[in-house]
Amino acid sequence: MKKSIAYLVFCAGTLALYGCAETTESAGGVTVVVSDSEASSDVVAQDAHVQVNADSGVSDTDGSSNLAAPPDSGVRADSAMAPPGDGDSDGDGYSDAEERHAGTDPNDPNSVIYQGGWPYNMKKDQLEDPGWDIPPQEGARMPRWRTIDQYGDTFDLYDLAGRGKKIVLDVGTWFCTPCKAMAQYFATGDVSVMDDFAWWNSSYDRVLDMINNEEIFWVTVLFSGSTPVSQDDVTRWHDTFPNHHILVLGDQDLRLREYLSVVAMPHIDVLDENMNFLVYDVRGPSRGMRHLVAPE
Ligand SMILES: [Ca+2]
Ligand SMILES: [Ca+2]
């Protein structure tokens with residue numbers, strides 16, 4: 001059984017920090033961009049109604065399975081990533097072959113490809129990049145994208161390819177209340193913060209375990225309307241909502257937001273290991289979340 005949530009409440013909070021250029025409302029707890037940075041009067045919210053799957057699974061009554069993220073130690077020493085190639089001489093999580101390929105020092109543990117410990121894909125050049133002119137659709141490939149991460153590195157999204165794991169693109173902003181609530185949940189394991197959002201379904205609770213067990217790659221992408229999202233914005237998000245399994249990227253020139261036509265947030269799409277869209281949905285997070293817990 002499904003039902004539509006039709007009420008609107010204002011997305012409270014941080015608009016004062018950003019002036020009046022960014023106006024948001026939320027529908028069923030999903031923030032909808034109704035006026036963008038170009039001060040366009042066009043209302044771009046297409047479908048503010050969120051489908052809520054009422055056929056939920058068993059509720060997580062004690063939340064005990066959702067452990068708080070360990071303290072952020074900078075370099076991830078516990079990555080499940082097994083470096084391919086010829087061993088990891090300096091024990092920094094990247095194989096000697098990967099380090100030679102990337103140009104870092106295979107004998108210096110302080111010389112790493114990514115401070116976040118993210119995967120590195122030596123074969124990513126073999127993935128054909130479709131470019132940004134072809135609109136996103138399920139079955140099509142995400143363009144190759146390089147941008148800043150929370151540690152100040154320039155991350156190449158195609159480095160997540162070829163690991164046999166789905167890649168989640170979670171696009172949001174500092175003025176998106178449900179985005180911040182979900183990030184807080186992912187940082188603390190306290191799922192009660194999601195109670196306010198009609199789109200949240202208890203079957204989604206296990207997504208946090210999937211993130212923390214590195215069964216999936218969760219990529220949070222921040223944009224900002226009136227001014228380009230800064231390195232500080234990206235780092236501050238991670239510091240505020242620390243989960244060292246989650247990549248936080250900055251959409252500095254709004255390229256990703258425009259490409260994905262982000263209107264309802266959290267905006268969640270899912271890619272396969274070849275960077276092809278399994279889920280592309282502009283209406284909100286529900287289809288992407290459902291796909292993760294029960295693939296279509
Ligand atoms: Ca190494
Ligand atoms: Ca090294």
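**Close-up views of a predicted protein model**

**Figure 1. Here is the middle of the largest nonpolar core.** This core has 63 residues, and Val168, Val171, Phe186, Val219, Val221 and Leu249 touch the most other members. A nonpolar core is a set of buried Ala, Val, Leu, Ile, Met, Phe, Trp, Tyr and Cys residues joined through C-beta atoms within 7 Å. Buried, in turn, is for a residue with 20 or more other C-beta atoms within 10 Å of its own; exposed is for 12 or fewer, partly exposed is in between, and the C-beta atoms are placed from the backbone. The largest share of the core, 6 residues, comes from helix α3. Helices (H or I, at least four residues) and strands (E, at least two) are DSSP runs, numbered from the N terminus.

This is a predicted model, in which local features need pLDDT of at least 70, side-chain atom pairs count only at pLDDT 80 or more, and totals for chains, interfaces and linings use all residues. Residues are numbered from 1 along each chain as its sequence is written, while chains are lettered from A and ligands numbered from 1 in the order in which they are written.

**Figure 2. Zoom in on Val219 and its contacts.** Skip the neighbours within four places in sequence, and Val219 is in contact with Ile167, Val168, Leu169, Asp170, Leu247 and Leu249. Two residues are in contact if their C-beta atoms, placed from the backbone, lie within 7 Å.

**Figure 3. Helix α5 covers residues 231–240.** Which of its residues are buried? They are Asp233, Val234, Trp237 and His238. Look down the axis of α5 and these buried residues fall within an arc of 130°, so they line one face of the helix; the arc is that of the directions from the helix axis to the C-beta atoms. On the other side, Asp232, Asp239 and Thr240 are exposed. The buried residues of α5 pack against β6 (146–148), α3 (177–188), β9 (216–222) and β10 (246–250).

**Figure 4. His244 sits in the loop between α5 and β10.** Why does His244 count as buried? Because 21 other C-beta atoms lie within 10 Å. His244 and Trp118 are 126 residues apart in sequence, yet 9.8 Å apart in space, C-alpha to C-alpha.

**Figure 5. Now for residues 1–23, where pLDDT stays under 50.** pLDDT is the predictor's confidence in each residue, from 0 to 100. Over residues 35–80 the pLDDT is below 50 too. The protein's mean pLDDT is 80, and 73% of its residues reach 70 or more.
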